[in-house]
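Subject: Structure handover and notes

Hello,

Here is the structure I said I would pass on. My notes follow below it; please read them with the model open.

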Amino acid sequence: MGPWLNEVGVLVTEDTEEAKLLNAFFASVFSAKAGPQESQSLEVGEEAYREDDFPLVEEDCVRDHLSNLDAHKSMGPDGMHPRVLRELADIVAEPPSIIFERSWRTGEVPEDWRKVHITPIFKKGKKEDPGNYRSVSLTSILGKMMEQLILEVIIKQVEEKKVIRSSKHGFTKGKSCLTNLIAFYDGVTVWVDDGRAVDVVYLDFSKAFNTVSQNILISKLRKCGLDEWSVRWIENWLNGRTQRVVISGTESSWRPVTSGVPKGVSTGPSLVQLLHQ
């Protein structure tokens, strides 16, 4: 990778300057925070806060997640390697289960879970152009595990409330690009057989994961009827996130993340799917 051209067209060769340059570029695509949306918070009475209704995180569930970690994945900014967590799953399952449950109930998100290490991956074109690199997010393994628990609840709730239309295929269980193409091909074939004209328009959302408005997203989640504990956790997870670029072990300074969701995490794409409903 690199060297890269800076804003005045000069090649940058030092690792520190390269990391700083790329972090500035990746941060430049963020949208400014939108104004506060009209509150969509549910009117939750005292009776709704019964102990039986609080989110629960079972130790066995956490142990299963730890045991299924991919030992070859990279560790996040907190330095906790998935291989260590996987091999010690039976021993360390209890503390994370307590932390996860308390975090879910209170909405408090540990700072380490909101830090992101960015790894630049070359796409195509000139290698010295920062715009030809995709940013891949590396986050805390335990943070991603918590996000997976939240995601499972989101999926269950949107299925029960029938939020996702049957025409949606992206990030939907049992569906993929292949099922989308089959459905599309079937529909077009029927129209052509009937002698109807068919026009196709392809759209691509520029920086779709990086420019999502956090306020609009949270408002959308509440309108979808998701439980307030999960919505509040996601809101606090999105707020206060920071990122830095790491190149050859050299780190840039931290920059605030004002929009978007991490595209390296399954929760992020699923939230974008809800936003585009």
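S97 counts as buried because its relative accessibility is 5%. The cut-offs behind that word are these: buried is under 20% relative accessible area, exposed is over 50%, and partly exposed lies in between, with a 1.4 Å probe and protein chains only. S97 sits in helix α5. Its C-alpha lies 8.3 Å from that of C61, although S97 and C61 are 36 residues apart in sequence.

Some ground rules before the rest. This is a predicted model, in which local features need pLDDT of at least 70 and side-chain atom pairs count only at pLDDT 80 or more, while totals for chains, interfaces and linings use all residues. Residues are numbered from 1 along each chain as its sequence is written, and side-chain values use heavy atoms, with hydrogens and water left out. Helices (H or I, at least four residues) and strands (E, at least two) are DSSP runs, numbered from the N terminus.

Helix packing

Helix α5 covers residues 94–106 and helix α6 covers residues 141–160; the two pack at an angle of about 55°, their axes 11 Å apart. That angle makes α5 oblique to α6. Axes here are lines fitted to C-alpha atoms, for helices over the stretch in contact, and angles run from 0 to 180 degrees between N-to-C directions. Under 35 degrees counts as roughly parallel, over 145 as roughly antiparallel, 65 to 115 as roughly perpendicular, and the rest as oblique. The crossing of α5 past α6 is right-handed, a term used when the near helix is turned clockwise from the far one by less than a right angle (anticlockwise gives left-handed).

Helix α6 also packs with α2: their axes come within 11 Å and cross at roughly 120°. This makes α2 oblique to α6. Here, too, α2 passes α6 in a right-handed crossing.

Salt bridges

How many salt bridges does a search of the whole structure find? It finds nine. The criterion is a side-chain nitrogen of Lys or Arg within 4 Å of a carboxyl oxygen of Asp or Glu. As background, side chains of opposite charge can pair when their charged atoms come close.

Helix α2 (residues 59–67) holds both R63 and E59, which are four residues apart, about one turn of the helix. Their side chains form a salt bridge at 2.8 Å, N to O. R63 also forms a salt bridge with D60, at 2.7 Å, N to O. D60 and R63 are three residues apart in α2, again about one turn.

The exposure of these residues is as follows:
- R63 is buried because its relative accessible area is 18%.
- E59 is partly exposed, at 29% relative accessibility.
- D60 is exposed, at 51% relative accessibility.

A network of salt bridges links E59, D60, R63 and D90.

In helix α3 (residues 82–87), E87 and R83 are four residues apart, about one turn of the helix. The side chains of E87 and R83 meet in a salt bridge of 3.0 Å, N to O. E87 is exposed, with a relative accessible area of 57%.

Surface patch

V84, L88 and I91 make a nonpolar surface patch of about 290 Å². Patches are made of residues with over 30% relative accessible area and no salt bridge; like charges are joined within 9 Å and nonpolar side chains (Val, Leu, Ile, Met, Phe, Trp, Tyr) within 5 Å. Accessible areas come from the Shrake-Rupley method with a 1.4 Å probe, and for residues only the protein chains shown count as cover. I91 belongs to helix α4 (residues 89–92) and is exposed, at 68% relative accessibility.

Most residues other than glycine have a negative phi. K162, which is not a glycine, has a positive phi of about 55°. K162 is in the loop between α6 and α7 (177–193) and is exposed, with a relative accessible area of 69%. S248 likewise has a positive phi, near 55°. S248 lies in the loop between β5 (242–247) and β6 (250–251), and its relative accessible area of 65% makes it exposed.

Q243 is in strand β5 and is buried, with a relative accessible area of 5%.

Regards
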